[in-house]
Amino acid sequence: MFKPKKKLGQCFLIDKNFVNKAVEAANLTKDDVVLEIGLGKGILTEELAKNAKKVYIIEIDKNLEPYANRLKEKYNNIEIIWGDAVKVDLSNLDFNKVVANLPYQISSPITFKLLKKGFDLAVLMYQYEFAKRMVAKEGTKDYGRLSVAVQSRADVEIIAKVPPNAFSPKPKVFSAIVKIKPNKNKYHIENEDFFDNFLRAIFQHRNKSVRRALIDSSKELNYSKNEMKKILEEFSKEHENLMNEKVFKLSVGEIVKLSNELYKFLKR
């Protein structure tokens, strides 16, 4: 009998109601090619295979092969990729939707890897606390680097809160089904790497002013504190209100704007 591995974060979804909720939210048609991360025992995979044109599944644990073989006997539109989803090259996979019960320890890296690759729609299971941070608005306690990094690239909403007893083994925390739809035209980010470094810098000091946070974390942008002070003396003249505001009070749009303006200023 298969025993889930704690180190791989294996908590298999067993409640069909939440499987159906996820599949409904993905709005699948026979034109859709779906990526699933984590096979589990195939309860979600089966519903995806019934409703989509093709399903790719990335699974790290070869011990789940009997479940994979059983599904492949039943459906001819399933392709299993054995490997670590964080390391697998996604560029050769032609999926347009993602539906998955993610292993929680890879939530952050896999989310940004997927956003970088691009897709039409994703319906993903996260820890509830993580999901709350993804959807948080400015001025709230959950608002942080993750909120801005995700919302600047996608529209996100929590579809359902999922109790521990929907899984086997039961996790210690609640989970959430989250719908993610990339919003490529909503915000223009001048330079993705600079933007991510900018977010890291300011949100290390979310309760300070943006100006103070950038000075205190100047190393994230490869400047000394003194260099950053001099840069911001000039830069702040045109952006005084935003630079003096506390980091966690700035909206996603305001943060994107500041990052873009600072990037262009430094390139002069």
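The model is predicted, so local features require pLDDT of at least 70 and side-chain atom pairs count only at pLDDT 80 or more, whereas totals for chains, interfaces and linings use all residues. Residues are numbered from 1 along each chain as its sequence is written, and side-chain values use heavy atoms, with hydrogens and water left out.

The domain assignment, whose bounds come from an automatic or database source, gives domain 1 (6-182) and domain 2 (192-267). Their C-alpha centres lie 33 Å apart, and the contact (heavy atoms within 4.5 Å) takes 12 residues from domain 1 and 15 residues from domain 2.

Together the two domains bury about 1100 Å², 59% of it on carbon and sulfur atoms, where buried area is the accessible area (1.4 Å probe) lost when two parts are put together, summed over both. Tyr143, Arg145 and Arg153 supply 49% of the area that domain 1 buries against domain 2, more than any other three residues. Two salt bridges (a side-chain nitrogen of Lys or Arg within 4 Å of a carboxyl oxygen of Asp or Glu) are found across this interface. Asp196 forms a salt bridge with Arg153, their closest N and O atoms being 3.1 Å apart.

Ser152 sits in the loop between helix 6 (145-151) and strand 7 (154-162), these elements being DSSP runs numbered from the N terminus (helices H or I, at least four residues; strands E, at least two). Ser152 has a relative accessible area of 2% and is therefore buried (under 20%, 1.4 Å probe, protein chains only). Not counting residues up to four places away in sequence, Ser152 touches Asn183, Tyr187, Ile189, Phe195, Val252 and Val256.

Conventions:
Buried < 20%, exposed > 50% of the residue type's maximum accessible area, 1.4 Å probe, protein only.
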